[in-house]
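Subject: Structure handover

Hi,

Here is the structure I promised to pass on. Please open it and keep it beside this email as you read.

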Amino acid sequence: MTKVTADLSGITIQLIDGTRISTDDLAGKVVLYVNVASKCGFTPQYEALEALHRKYGQRGLAVVGFPTDQFKQELGSEGEISQFCKLNYDVTFPLSQKTWVNGKFRHPLFERLTKAKDGLGVSGPVMWNFEKFLSLPTGEVRRFRSITKPDDQAIVSLIEANLPN
């Protein structure tokens, strides 16, 4: 996998509950950014994302989900998305408001994240729901395509290696 360093500083994320956070608030943490959807074959990955959040959150992992309807698999409103995630997967990690991950209206975070290359050395647009971008405290970003589950050893070992003891 190709190492890519990305400056993710100064980006505002509007959360689904109306609050805002900044990527600066996440500086120094291991952050797993994931574009998510409620009606996708990969939607059960919410369970593993939540498990990572619960297991490593107190040690410095932040999981942030970005609901997107760019692949026509997301519910209509933020309220429906929030309710779906809570009722079906007991999601407690933050979710953004509906977000564009590709194209002219792409969120600035994804403008930077999509420069990262996956295991095959491919960067560029998000190809499908549940692509994962693991931002390390060094500024390095590792990209994992949808088929790689959040609890895959490649992701977990990077998380564990980059968290404080």
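Below is what was found, taken one topic at a time.

Bear in mind that this is a predicted model.

**The largest pocket**

Start with the open space. The largest pocket has a volume of about 190 Å³. Its lining is made up of 16 residues. Leu8, Ser9, Thr23, Ala27 and Ser135 are the ones nearest the centre of the pocket. Sorted by class, the lining has eight nonpolar residues, five polar and three charged.

**Ile11**

Next, find Ile11. It sits in the loop that runs between β1 (4–5) and β2 (12–14). Is Ile11 buried or exposed? Its relative accessibility is 3%, so Ile11 counts as buried, the cut-off being under 20%. Now look at Thr23, which was named above for the pocket. Ile11 and Thr23 are twelve residues apart in sequence, yet their C-alpha atoms are 5.4 Å apart in space. Thr23 is also one of the contacts of Ile11 when neighbours within four places in sequence are left aside.

**Aromatic rings**

Then turn to the rings. A pair of aromatic rings is described by two things: the distance of the centres and the angle of the planes. This structure holds nine aromatic pairs. How are the rings of Phe110 and Phe133 arranged? Their centres are 5.9 Å apart and their planes stand at 85 degrees, so the pair is edge-to-face; the cut-off for that is over 60 degrees. The two residues come from distant parts of the chain. Phe110 belongs to helix α3 (residues 108–113). Phe133 belongs to strand β6 (residues 132–135). They are 23 residues apart. Phe110 is buried, with a relative accessible area of 0%. Phe133 is buried too, with a value of 0%.

There is also a cluster to look for. Ring pairs link Tyr46, Phe84, Tyr89, Phe93 and Phe130.

**Arg145**

Finish with Arg145. You will find it in the loop between β7 (140–144) and α4 (153–162). Its relative accessible area is 17%, so Arg145 counts as buried under the 20% cut-off. Which side chain does Arg145 join through a polar contact of 2.9 Å? It is the side chain of Glu131. Not counting residues up to four places away in sequence, Arg145 touches several others, including Asp118, Val122, Pro125 and Met127. Phe130, from the ring cluster, is also touched by Arg145.

Best wishes

How values were computed:
Residues numbered from 1 in each chain as written. Predicted model: local features only at pLDDT ≥ 70, side-chain atom pairs only at ≥ 80, totals over all residues. Heavy atoms only, no water. 1 Å grid on protein atoms, 1.4 Å probe; cavity = no way out; pocket = protein on both sides within 12 Å on 5 of 7 lines; lining within 4 Å. Points joined across faces, edges and corners; volume = space filled by probe spheres on them. Nonpolar A, V, L, I, M, F, W, Y, C, P; charged D, E, K, R; others polar. Phe/Tyr/Trp six-rings, centres within 6.5 Å; stacked < 30°, edge-to-face > 60°. Helix = DSSP H or I, 4+ residues; strand = E, 2+ residues; numbered from the N terminus. Buried < 20%, exposed > 50% of the residue type's maximum accessible area, 1.4 Å probe, protein only. Polar contact = N/O pair within 3.5 Å; in protein donor to acceptor, adjacent residues only side chain to side chain. Contact = heavy atoms within 4.5 Å.
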